[in-house]
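Here is a short report on one protein chain. Look at the sequence and the model first, then read on.

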Amino acid sequence: MTATPADVPSTEPRPTYRADGTPLSIQLFTVEGTSHGPYVGLPLRDLWTPYSAHLFTRETAELIVSDMHDDECGITAQFADDGTLTFTVDADAIEPGGTVVVRPDEYGRYEIGGLWPWDEWGDHVEHTAGQAVLARGAAEYRQADDAASVPITLRSWYADGRQEALTLTRPQRVVFFDIDPARTPLRMRPRPTGTYVRRMPTGAFECAVRPVMAGEVQAGDLIVGSFSPPMPQQEARARWSQWSVAPYAAEPAGPWDPACTCDRCRLTGELFGPAPATGRLIMARHDGKCEVWDSDDIALIVPAALRSIVLVHVAMTARPQAALPGSICQWEARDAQDNALLMFYQNGIGRVGALKDNDRWGQNEDDWVGVASFDTGRRGDNDITLEEFCRGAGILLSPSAVPMELR
Ligand SMILES: [Zn+2]
């Protein structure tokens, strides 16, 4: 049992805006007088009272129901197959009893309130270290992911809080792509975000993703996912997007060779037999293994033509000096997805590399993957402005980027 802090009288409406007018957006809730939560909620109104209703995701709604059942407070609740949540109030415990039916909104969020007093979750609520980290993850959802500063055993709490706040505030409807609606209705889920999901490679924006037949994928297209397997017995069974944890650039290498001895080709032959009539192809090869696709399967790609690197932070780290023959221009940069980039210009040639593992800065060539290059034809030239470099490499400099020059 905990008390409401004296400076927040629980009977007064509480603002959902800061003094400077910026919205608080998500807030963390508990049930007054308990140590439940923090429930990540989205207040619906500028001012709320303890009996106001707030929006919660299905995951949080399930947690609320489970905690409520543990408390045996005289209210029970149940989710129906269509997603409807029905609260039943026992008249013996709470007059006059009855039922409250909550239907999820178009984004699957539940408006819950009016049945018990909500209280803001905070330090006055008894909590574990995990709950505190979950609260922090949620509170920092609009900032860069800072899970690295959290003890490793608590990182999943941070990720959960952050993901919950993102899901609640950036709900995304399922998008339908009907390449062939009679055969394959395709349903797109948003790409998961969080500590354990690698960020999209440089230049690849989720809004540019589209489904295409594997046989139509071009060299340089980025393969970011696939769709769940078709069900031959069921004519119009929907197929759901499956995001790849490790996107790769397509380098189509001709038809599949059943005689190839690499693990993937061998397994494909064992599991699926000979190539189908429509063909089977090698999308790319890395580390001696083939990426095998059926030609008529559907790949989720960012087309090469739609990839655009946008720099939001640039720092010049080397500049040619007369006293040092062969010295070059070099910049370190971050793109719009916070990928680390290295850009250098030497002998008339410009190159851009992206760090393979964004959390481990490497000096070796193996640590980087080339993402753009250009040749001015000016042999012996080692000096170029940042603007000309970006034009040459086909990358964009965000207007808010602050290029820092060497002194
Ligand atoms: Zn192979």
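Arg280 counts as buried, at 6% relative accessibility. Buried means under 20% relative accessible area, exposed means over 50%, and partly exposed lies in between, with a 1.4 Å probe and protein chains only. Arg280 sits in strand β16 (residues 280–286). Strands (E, at least two residues) and helices (H or I, at least four) are DSSP runs, numbered from the N terminus.

This is a predicted model: local features need pLDDT of at least 70, side-chain atom pairs count only at pLDDT 80 or more, and totals for chains, interfaces and linings use all residues. Residues are numbered from 1 along each chain as its sequence is written, and side-chain values use heavy atoms, with hydrogens and water left out.

What does the side chain of Arg280 reach? It makes a polar contact with the side chain of Asp294. It also reaches the backbone oxygen of Pro274. A polar contact is a pair of N or O atoms within 3.5 Å; within protein, one must be able to donate a hydrogen and the other to accept it, and residues adjacent in sequence count only if both atoms are side-chain atoms.

Gln27 lies in strand β2. Its side chain is joined by a polar contact to the side chain of Glu120. The table lists these pairs.

| Side chain of | Partner | Distance |
|---|---|---|
| Arg280 | side chain of Asp294 | 2.9 Å |
| Gln27 | side chain of Glu120 | 3.2 Å |

Contact in general means heavy atoms within 4.5 Å. Leaving aside neighbours within four places in sequence, the contacts of Arg280 include Trp256, Phe272 and Trp293.

Now the helices. Helix α1 (residues 58–71) has 14 residues, which should span 20 Å at 1.5 Å a residue; its end C-alpha atoms are 20 Å apart, so the two agree. The expected span is 1.5 Å times one less than the number of residues. Buried in α1 are Thr60, Ala61, Ile64, Val65, Asp67 and Met68. They cover an arc of only 165° around the axis, so they lie on the same side of α1. The arc is that of the directions from the helix axis to the C-beta atoms. Glu59 and Asp70 are exposed on the other side of α1. After α1 comes Glu72, with a positive phi near 45°.

Helix α2 (residues 129–139) has buried residues too, among them Val133, Leu134 and Ala138. The buried residues of α2 pack against β2 (27–31), β3 (39–43) and α3 (155–169).

Next, the cores. A nonpolar core is a set of buried Ala, Val, Leu, Ile, Met, Phe, Trp, Tyr and Cys residues joined through side-chain atoms within 4.5 Å. The largest one holds 20 residues, and Leu311, Trp331, Met343, Val352, Phe389 and Ile395 touch the most other members. Elements that give two or more residues include β19 (310–318), β20 (329–335) and α5 (386–393). The largest share, four residues, comes from α5. A second, separate core of 19 residues includes Val31, Ile75, Phe87 and Val89.

Finally, the whole chain. It has five helices and 24 strands. Buried residues make up 41% of its 407 residues. Among contacts with a separation of 6 or more, 59% join residues 24 or more positions apart.
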